[in-house]
Amino acid sequence: MKTVDNSDEEDKNLPPFYGALKKFVKQKATLWSTPGHASGNGLKSCPAGRDFYEFFGHHLFQADVSSSVEELGSILEHCGQSAEAEKRAAEIFGADTTFFVLNGTSTANKVVFFATVAPGDLVLVGRNCHKSVMHAIIMNEAVPIYLTPKPCSYGMIGPVGFEQFGKESIRAKISASRLATNRKAAKVQLTVLTNSTYDGIIYNADKIKAQMSDLTHFLLFDEAWYAYAAFHPFYERRYAMSPYIKRRGAHLPPVFATQSTHKLLLAFSQCSMLHFRQGTAKDCELDLQGLLEANLMHSSTSPFYPLFASLDVNTQIMKESGYDLINKAINTAVRFRRAIRRAGERYAKKGDWWFTAWQPENIHLTKYPQQWALKPDSKWTGMDIGKEDDLILDPLKVTLLTPGVNPDASMTDFGIPACIVKKYLQARGVIPEKIGFYNLLFLFAPGVSTERTAELLRVLHDFKLEYNDNAPVAKWFSSIAAAYPKRYENMGLADLCKDMHAFLKSNDIMKKCASLYSELPEQAVAPHKAYYGLSEGKTEYVELCNAPGRVSVFMILPYPPGVPVIMPGERFPSADSPIMLFLRLNEGFENTFPGFETEFHGIKKTYENGKVKYWVSTLNKNKIR
Ligand SMILES: *Cc1c(COP(=O)(O)O)cnc(C)c1O
């Protein structure tokens, strides 16, 4: 096998930072600096270390150098080859300025907040934003005004309706805010939207920029899932760094985009890019030195160079073949979508069930975004779409619906909960991105091949066969069956589906939870104040059933998707609210179907007599001034 020892001539075509790093590694310099493993040599003294070294290979260790290597420039100071790499990325991704961020978009979002928001500032934030945005609100002591996502019958978290970007709507929200000190503010400081949404719904970003220009100082599109948009005409006008609208006299706010290059492009985990473009008005120009400072505040002083190089290489890949990669990924996804539909038609003839791809009826002309539009009259969305909304579905994010839910969120007699399908897929080595009660999301990243698509289809068909055979639960979920032998004894897959669906149906879960993220709880105190209650010793745990009326200290969220149902400082709503029903249902579900629970952040669990109990941290009434 040929190793990576190309001639120096070939290395000339490598992007600047990776090229320089590789050249440096080839020089085999001896380092009298950190990291202490000294190109991996230190690891070779014991078997585990040797194994580790050999498993990852010597180049990785040789490339793990400290910022004392001058040939590579300084990542922290943004000079030399590293700055060159960022400058190229800015050009290629369409920004004025780009920073490579090595601690994920979680950090990139916080950097944007720290560069733009001061304590008490109003920030307008989609309630479907990622927890990192919500963390930034706490850390910056900002006052959040929420844009609420559309409820969805199928349990997806909808987009924000366009009417909420109106001046009147925003003013009304500000004047109704209990936390705002300036209820007459004409502008908010920062507006944050997730584009595309977790479920792949894409806004018309240019339209929102124009609409928001007089209403916000800064605009951030969290494009964690959407770093490829600039490379395919399908996404034209629908992403943060899209070339500015040419209309004369158009005022545009300064715009940020934060992108997880690792999520749907090809970088290592944690690799993210922060893009920025100044607005048209001179009075709200961002001081770039400030952005740099905010970035430093959130950066480790020991960046891992292979991560930085992976961002540099991603830039090069997108430059050379961005369109082809994305075009191929779209075609692969669409072929899969059609295959799912064809199989559904075949099964339907026999009166049998199958998975439904959540998508428009007609997706034959894939290159036309209009075909992927969420229209006011389209039934498939399960959402109330307005005329102005101008939303499309990203072909790359494929949601499969399992049977069980009607378009109006009522539930059918027959149903297959998604968590059982997911566990089966997992047992077969196929991992979906996330699931809901009756849906599974698969990402068609550029790395997905036709073979992998075929495998996914095969495994889905196999699930159906196993279901039809009522294969023993223990056959596929051996660890769950072993952990809870009595519970799943003599049960088959079909029995389990039936039981679980009956449980969810009896709770009318889809109707009750459709507005889980759109009916907001009362904001009793600011998020940071509630959170500080922790270090001030003003908190106490209460059982979930006693939570209504009390103020939450933590952010509570199911993960994935990582979107909070309760923010710190919000009051737990009444027992019959969607939020409380959802949380109680999860507790009950975990007790009824142990082994199938979802991950929750912000909840403490205790176990007694084989039953789990949920506890939440709340502000102690007696200790609040
Ligand atoms: C995953 C995600 C993030 C965080 O990105 P990381 O790169 O994992 O830190 C931020 N925002 C959204 C919308 C996400 O889905």
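This text looks at the surroundings of the ligand and then at the salt bridges in a predicted model.

Around the ligand there are 13 residues, and Ser106, Asp222, Trp225, His262 and Lys263 come nearest. By class, this shell has nine polar, two charged and two nonpolar residues. Helix H6 (104-116) and helix H10 (261-264) each supply at least two residues of the shell. H6 gives the most, with four residues.

An N or O atom in the side chain of tryptophan 225 is 2.5 Å from a ligand oxygen. For serine 106, a polar side-chain atom lies 2.6 Å from an oxygen atom of the ligand, and for histidine 262 the distance from a side-chain N or O atom to a ligand oxygen is 2.7 Å. Taken alone, the ligand exposes 380 Å², and the protein buries 88% of that.

The structure also holds 20 salt bridges. One of them joins aspartate 11 and lysine 26, with the closest N and O atoms 2.9 Å apart. Aspartate 11 lies in helix H1 (residues 8-11) and lysine 26 in helix H2 (residues 16-27), so the pair ties together parts that are 15 residues apart in sequence. Aspartate 11 is buried at 11% relative accessibility, whereas lysine 26 is partly exposed at 27%.

Another salt bridge links aspartate 206 to lysine 209, the closest N and O atoms being 2.8 Å apart. Both residues lie in helix H9 (residues 205-212), three residues apart, about one turn of the helix. Aspartate 206 is buried at 2% relative accessibility, and lysine 209 is buried at 1%.

Definitions and conventions. Residues are numbered from 1 along each chain as its sequence is written. This is a predicted model: local features need pLDDT of at least 70, side-chain atom pairs count only at pLDDT 80 or more; totals for chains, interfaces and linings use all residues. Side-chain values use heavy atoms; hydrogens and water are left out. A residue is near a molecule or strand if one of its heavy atoms lies within 4 Å of it. A polar contact is a pair of N or O atoms within 3.5 Å; within protein, one must be able to donate a hydrogen and the other to accept it, and residues adjacent in sequence count only if both atoms are side-chain atoms. Accessible areas come from the Shrake-Rupley method with a 1.4 Å probe; for residues, only the protein chains shown count as cover. Ala, Val, Leu, Ile, Met, Phe, Trp, Tyr, Cys and Pro count as nonpolar, Asp, Glu, Lys and Arg as charged, and the others, Gly among them, as polar. A salt bridge is a side-chain nitrogen of Lys or Arg within 4 Å of a carboxyl oxygen of Asp or Glu. Buried means under 20% relative accessible area, exposed over 50%, partly exposed in between (1.4 Å probe, protein chains only).
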